[in-house]
Every structure is written in C-alpha cells, then in structure tokens.
Amino acid sequence: MKIINNKDIFSLIENKKIAIIGSSPSLKDSKQGSFIDSHDIVIRFNDALIFHNENPIDFGYNCDIWATSGWSSEYDKTQTLDKHKTHYYKNNPYILGTRPLYNNDIKHLSKGLKMNGPIFNLVNNLDCKYIDTPKEIFDLPMLDGYFNLSSGISTLLLLLHFRPKKISMLGFNFFNFKAPTHFWNNDYHYTEETKKNSEGHNGEFEKNLVKTLIKDFNIKLVE
C-alpha cells in the first residue's frame, strides 16, 4: 500500500461533497441511494463494502473510500476475505485506516487504537492508496479526554481537517440499543449493560459531539 500525503488528501477532499455512510440498518426502506450517490465522495466502513450494493435504492452504489479499522465480522464467520477482495477490485477505492498505523500510546492501545486485524492484513498487501489517521485525532481538546472513538467519528474528525464543502452523515444510530449495529447482521446489538461497563463506543457522547460540530461546520445528519 502507498500512504498518500496531506497534499493529495486535500486534493481528494477539499471543497467536495462527502457522504459518510454508517453501517446501521437505519437506511433500510429510506430510498436514499440516489442522494448518497450524488456526492463527490462516498465513504463506507469495514464489511459494508461487500453488502451495500445488494440494495442500492436505499444504500446507494458508489464507494470511493473504504474506511476500515481492520475488523470484520464476516471474516470471523467465514475465515475468508475473498468477497472483500472482489469488491475492492470492482470499486478500486482509496482506503482509509480509522486507527493509526503507528501508535505507542498505552492508553490508546488499551482500546485497540492501532491498525490490525484481517482486513488490515489484506490492505497491507494491496497496491492501494492509503489514508492514515494520526493518533492525534483521538486526543483533540474537543473530546475532553474521551478517546475511544468509533470509526465513523474518527473519520469525520479527520475529514474536517481537509476542508470539505459539505458532509452528509447517513446510516448512524449511535449505538442506541434499539436496532442492530450493522445492517447485514441482526444478531449484534450494543446493550445497556455494554454502556454500563464502558465497553465499546459511547453513542450518546458521539451524537452530542456531532451536534456540536454541526454548529460550526456544514454537516447534515440524516437520522
């Protein structure tokens, strides 16, 4: 993989209309696919690469940036990334690592904030254009010490640095316990117990963060 520099990332993102598509089932029956594909750049996460175009009316068809933490529930079930490979070569997206490539911060590492996992092992051997998320994203003052960001929020904070014209966020349920976390998997939910034990991500914090950012940036949250 080839890590692209800030100049190239500005060229990709600056003054562009960006759609960040979360993986929750909230887009089902939404008919938002055409709106999603009207953006200059569409970003999807992890296993969404292999499932989103099964329903383009709701989820859209384009995938310009494949954002990944390296994690894959599909790999956990099938022990293969053949589908990911097929769809990567079909879409030829940029790849955005939502965790830092290099991170020696023990606090960060306690929450897995470093690129690893089966998708990353695949990406590491592809001839792809790779966008690295620096570890500084997770220590921004606005986070007030909360650093265990979801891939969607770390991607949002990174993109804002490169001055997009507009960001639309769709398919986010902010781990609200009422619906599955991923539209292709009805088995996985965040629960009140998860929140109580500080496991996973803090959806309430992330939603409030997005609402704060909306005041200062051209961000549209479609719930």
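Reply: The protein chain has eleven helices and eight strands (DSSP runs, H or I of at least four residues for helices, E of at least two for strands, numbered from the N terminus). This is a predicted model, in which local features need pLDDT of at least 70 and side-chain atom pairs count only at pLDDT 80 or more, while totals for chains, interfaces and linings use all residues. Residues are numbered from 1 along each chain as its sequence is written, and side-chain values use heavy atoms, without hydrogens and water.

Me: How is a pair of aromatic rings described?
Reply: One gives the distance of the centres and the angle of the planes. Rings of Phe, Tyr and Trp (its six-membered ring) pair with centres within 6.5 Å; planes under 30 degrees apart are stacked, over 60 edge-to-face, the rest tilted. The structure holds seven such pairs. In one of them, Tyr 88 and Tyr 89 have ring centres 5.2 Å apart and planes at 70 degrees, so the pair is edge-to-face. Tyr 88 is buried at 3% relative accessibility, whereas Tyr 89 is exposed at 58%.

Me: Which residues form one aromatic cluster?
Reply: The cluster consists of Phe 51, Phe 59, Phe 183 and Trp 184. Phe 183 and Trp 184 are both buried; their ring centres lie 5.0 Å apart with planes at 85 degrees, so this pair is edge-to-face.

Methods:
Buried < 20%, exposed > 50% of the residue type's maximum accessible area, 1.4 Å probe, protein only.
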